[in-house]
Amino acid sequence: MVHFSPEEKAAVTSLWGKVNVEEAGGEALGRLLVVYPWTQRFFDNFGNLSSASAIMGNPKVKAHGKKVLTSFGEAIKNMDNLKGTFAKLSELHCDKLHVDPENFRLLGNVLVIILASHFGKEFTPDVQAAWQKLVAGVATALAHKYH
Amino acid sequence: MVLSPADKSNVKATWDKIGSHAGEYGGEALERTFASFPTTKTYFPHFDLSPGSAQVKAHGKKVADALTTAAGHLDDLPGALSALSDLHAHKLRVDPVNFKFLSHCLLVTLASHHPAEFTPAVHASLDKFFSAVSTVLTSKYR
């Protein structure tokens, strides 16, 4: 089980408080679909994904990105119990959505990159390290119920 | 995976923008890699890895210079990086997984210093570039 030190928790929560979840969610999912186009396989019904600008402006991408990142916010409130927090979502992603857990790692890293672009110098190596631990923990928790 | 003309243009423009900061960014990317992915430190037992280390900065410059060379030879990465490819295969033998960690931290570094230029399309091109360089550097492993 992942353990977060008080400093790591502080690094995560202080930054999260300044994040616009709706905007960041859309940006994260959008960039995932642009940078790793094969991830579009899960979103056939999203309409126009034909170019970077089409993807980033797509309302379904934005809405779904907001959903995903809002759920991520739950992780931050429960950093000591990621597996429990994401048990149901893990089952869903395996049994209904059939998403390869590698995609969780890709999205987590895209999120880290977005935070870097928003926070610049404030996103120090130590702050990044705390966030890498969190996104890895979330990815593992989401993969935990796979069978 | 092939770099399109647009990708090549994005990589060159990024490198022009980075200019003389390349060495500094190389050092920062290494520092980030060691902090976020501690297993990478196993390749540097002979280094002082504390924050601000002169050895890390110097090594970061080496890495950055190699990337600058690569950015100037996008039409022939295997040729331009042949010697480095030999080095990584026969001497350094860095496990391929680590190239992904460093590439990610290079993207984080660039995003943090140049957010305006780091558009989704540029992000994609740079990810492909670092991936292509990594492939060349591990191409002679076996």
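The legends below describe close-up views of a predicted model.

**View 1. Salt bridge between B:Asp7 and B:Lys128.** The closest N and O atoms of B:Asp7 and B:Lys128 are 2.7 Å apart. B:Lys128, at 25% relative accessibility, counts as partly exposed. Over all chains, the structure holds 12 salt bridges.

**View 2. Salt bridge between B:Lys8 and B:Asp75.** The side chains of B:Lys8 and B:Asp75 meet at an N to O distance of 2.4 Å. This pair links distant parts of the chain, 67 residues apart. B:Lys8 lies in helix α1 of chain B, whereas B:Asp75 lies in the loop between α3 (54–71) and α4 (77–80) of chain B. B:Asp75 has a relative accessible area of 68% and is therefore exposed.

**View 3. Salt bridge between B:Asp65 and B:Lys61 within helix α3 of chain B.** The closest N and O atoms of B:Asp65 and B:Lys61 are 2.9 Å apart. Both residues lie in helix α3 of chain B, with a spacing of 4 residues, about one turn of the helix. B:Asp65 is partly exposed, its relative accessible area being 37%. B:Lys61 also counts as partly exposed, at 44% relative accessibility.

**View 4. Interface of chain A and chain B.** In this interface, 17 residues of chain A are in contact with 19 residues of chain B. The size of an interface is often given as the accessible area lost when the parts come together. Chain A and chain B bury about 1,600 Å² between them, and 64% of this area is on carbon and sulfur atoms. On the side of chain A, the residues that lose the most area to chain B are A:Arg31, A:Ile113 and A:Pro125, which together account for 33% of what that side buries.

**View 5. Polar contacts and helices at the interface of chain A and chain B.** Between chain A and chain B, 8 residue pairs are in polar contact, both residues being at pLDDT 80 or more. Helices α2 (21–35), α7 (102–119) and α8 (125–143) of chain A each supply at least two residues of the side of chain A that touches chain B. Helix α7(A) gives the most to this side, with 5 residues. By class, the side of chain A that touches chain B has 10 nonpolar, 6 polar and 1 charged residues. The number of salt bridges found across the interface of chain A and chain B is 0.

**View 6. Largest nonpolar core and the surroundings of B:Phe129.** In soluble globular proteins, nonpolar side chains tend to be buried together. The largest nonpolar core of this model has 69 residues, of which A:Phe72, A:Phe123, A:Trp131, A:Leu134 and B:Phe129 touch the most other members. Helix α8(A) contributes the largest share of this core, 9 residues. Leaving aside neighbours within four places in sequence, B:Phe129 is in contact with B:Leu3, B:Val11, B:Trp15, B:Leu67, B:Ala70, B:Ala71 and B:Leu74.

Terms used. Residues numbered from 1 in each chain as written. Chains lettered and ligands numbered in written order. Predicted model: local features only at pLDDT ≥ 70, side-chain atom pairs only at ≥ 80, totals over all residues. Heavy atoms only, no water. Salt bridge = Lys/Arg side-chain N within 4 Å of Asp/Glu carboxyl O. Buried < 20%, exposed > 50% of the residue type's maximum accessible area, 1.4 Å probe, protein only. Contact = heavy atoms within 4.5 Å. Buried area = accessible area lost by both parts, 1.4 Å probe. Polar contact = N/O pair within 3.5 Å; in protein donor to acceptor, adjacent residues only side chain to side chain. Nonpolar A, V, L, I, M, F, W, Y, C, P; charged D, E, K, R; others polar. Core = buried A, V, L, I, M, F, W, Y, C linked by side-chain atoms within 4.5 Å.
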